[in-house]
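Subject: The structure, and what turned up in it

Hi there,

Here is the structure to look at when you have a moment. Please open it alongside this message, as my notes follow below.

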Amino acid sequence: MESTLDIFVKAIFSENMIFAYFLGMCSYLAVSKTVKTAVGLGAAVIFVLFVTVPVNYLLENYLLKEGALAWAGYPDMDLSFLSFIMFIAVVASIVQLVEMLVEKFAPALYGALGIFLPLIAVNCSILGGALFMQERQYSTILDATAFSLGSGIGWFIAIVAIAAIREKIRYSKVPAPLRGLGITFIITGLMGIAFMSFMGIKYTSEGTDKKADDKKAQTELVDENNNPEVGVNNNGE
Amino acid sequence: MSEVAEKTKAPRESLFSKKNRKLVTDPLTDNNPITIQVLGICSALAITVQVEQAFWMSVSVLFVLVLGNMVISMLRNLIPSRIRIIVQLVVVASLVIIVDLMLAAFVPDVSEKLSVFVGLIITNCIIMGRFEAFAMGNKVGPSLMDGLGNSFGYAWILILVAFVRELFGSGTLWGQPIFGDYIEGNGLYSIGYVNNNMMILPPMALIIVGVIIWVQRSRNKALIEDH
């Protein structure tokens, strides 16, 4: 199994919601005209993903999955066909709840996120997070939370980056038919290619393995340096 | 598909008036859901690696959008506006569950490849967008036509992108080899042709859609944005 940290880093970079799966593209394209609004929407997405995915994880594992109802005395029950409607109901109602709570207890934050919160119920990345969580079968709720937080941050980075680029590109000479939407698509494609380079990061299967590998590599390096024929001293002079 | 065709036959006279025809033809070009209204991109691009997947995705969206549009349009006077989003979501989610189970039953291999993206039809912005913009304020007939038009507009972009990506990315169409067998090296491959593996990667879908937008807007200057 992957470690929790791997899941987190992977969700931000190599499995970025926008660049690898195109989730939440609609609001990504519509709300990325200025950096300020992009930051607001990005923060709201991080927050909602962070809240909804763990809730859906509990729902999946204690209610919907095959055999999940064993605690209630129904070990043969498989309610997974209901998962779409349950997930979307959870997302929509949590968004509503969060909106009310934020309005009551943090009016300043509400002012900043206000208009974006209701939009988020229909943002593909939120439901996508829940469905990926279901498909990948994370073993603990901690892993699922790390995944949700990571994908939220990845989405945030993506939308803030494209908003910054779009603010600057206003001063460039883009061919008229490409202006606006067209060039945004192409830039996102190029950013996606750039993000693909993160796939080169080697994710270790277990933390201990990595430490052992590092130690081995270090001792090899030391051996090489101690060798009088090709050592550092010789090269230095 | 045939189910929908049967439904359109009965009230033919009123459904195919000039105004209703425009509802179908407009989304194909000048008001295309993907390239102009920028809706439904979320699940559209990820499944355009193969034409087959794109086709089944379009059929699913057609089913959900047409039926959903009709249901919402029938309920439009009963839905309190404060909770309309949740009502709409429940309607879509039930339709998507039907589609998902049907796909799993009749085309299991496609259903496996589409994985989470069938579920994501629920939050496909085309569907919510059309509910909000059209079905909530129009009668059943026009809503049906609007659903048809928008899903065809969605489908042809999807299939075009999938066509380019599958043809140049893996040298096949609908799983059938076009340029000869890559592994045996016959056909075009014998004279040194290689597949462009870049096409299979996600970013190329965005760039192809960008190019489609470019072509479309150079042909119709009225669509050009200021910035």
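What follows is a short tour, starting with confidence and ending with a few single residues.

Please keep in mind that this is a predicted model. For the complex, the predictor reports an ipTM of 0.79 and a pTM of 0.79. Chain B has a mean pLDDT of 81, with 91% of its residues at 70 or more. Within chain B, helix H5 (residues 51–75) has the highest confidence, at 91, while helix H1 (residues 2–9) has the lowest, at a mean of 45. The pLDDT is below 50 over residues 1–13 of chain B, and this stretch has four contacts in the model beyond near neighbours in sequence. I would read that part of the chain with this in mind.

Now to chain B as a whole. Chain B contains 11 helices and two strands. Following the sequence, the order of elements is α-α-α-α-α-α-α-α-α-α-β-β-α. Along the principal axes, the C-alpha atoms of chain B fill a box of roughly 65 × 45 × 35 Å. Among the contacts in chain B with a separation of 6 or more, 76% are between residues 24 or more positions apart.

Next, the place where the two chains meet. Here 39 residues of chain A are in contact with 39 residues of chain B. On the side of chain A that touches chain B, two or more residues come from each of helix H2 (17–21), helix H3 (25–30), helix H5 (83–105), helix H8 (124–136) and helix H10 (181–196) of chain A. H10(A) gives the largest share, nine residues. By type, this side of chain A divides into 28 nonpolar, eight polar and three charged residues.

Elsewhere in chain A, helix H1 (residues 4–12) is worth a look. Its buried residues are A:Asp6, A:Ile7, A:Phe8, A:Lys10, A:Ala11 and A:Ile12. What do the buried residues of H1(A) pack against? They pack against H9 of chain A.

Most residues other than glycine have a negative phi. A:Phe22, however, has a positive phi, near 55°, and A:Gln137 also has a positive phi, near 55°. A:Phe22 sits in the loop between H2 and H3 of chain A, and A:Gln137 in the loop between H8 and H9 of chain A. Is each of them buried or exposed? A:Phe22 is buried, because 29 C-beta neighbours lie inside 10 Å. A:Gln137 has 11 C-beta neighbours inside 10 Å, so A:Gln137 counts as exposed.

A:Ser172 is exposed, because 9 other C-beta atoms lie within 10 Å. How far apart in space are A:Ser172 and A:Ala108, C-alpha to C-alpha? They are 36 Å apart in space, and 64 residues apart in sequence.

Happy browsing, and do write back with any questions.

Best wishes

How values were computed
Residues are numbered from 1 along each chain as its sequence is written. Chains are lettered from A and ligands numbered from 1 in the order in which they are written. This is a predicted model: local features need pLDDT of at least 70, side-chain atom pairs count only at pLDDT 80 or more; totals for chains, interfaces and linings use all residues. Two residues are in contact if their C-beta atoms, placed from the backbone, lie within 7 Å. Helices (H or I, at least four residues) and strands (E, at least two) are DSSP runs, numbered from the N terminus. Ala, Val, Leu, Ile, Met, Phe, Trp, Tyr, Cys and Pro count as nonpolar, Asp, Glu, Lys and Arg as charged, and the others, Gly among them, as polar. A residue is buried if 20 or more other C-beta atoms lie within 10 Å of its own, exposed if 12 or fewer, and partly exposed in between; C-beta atoms are placed from the backbone. pLDDT is the predictor's confidence in each residue, from 0 to 100.
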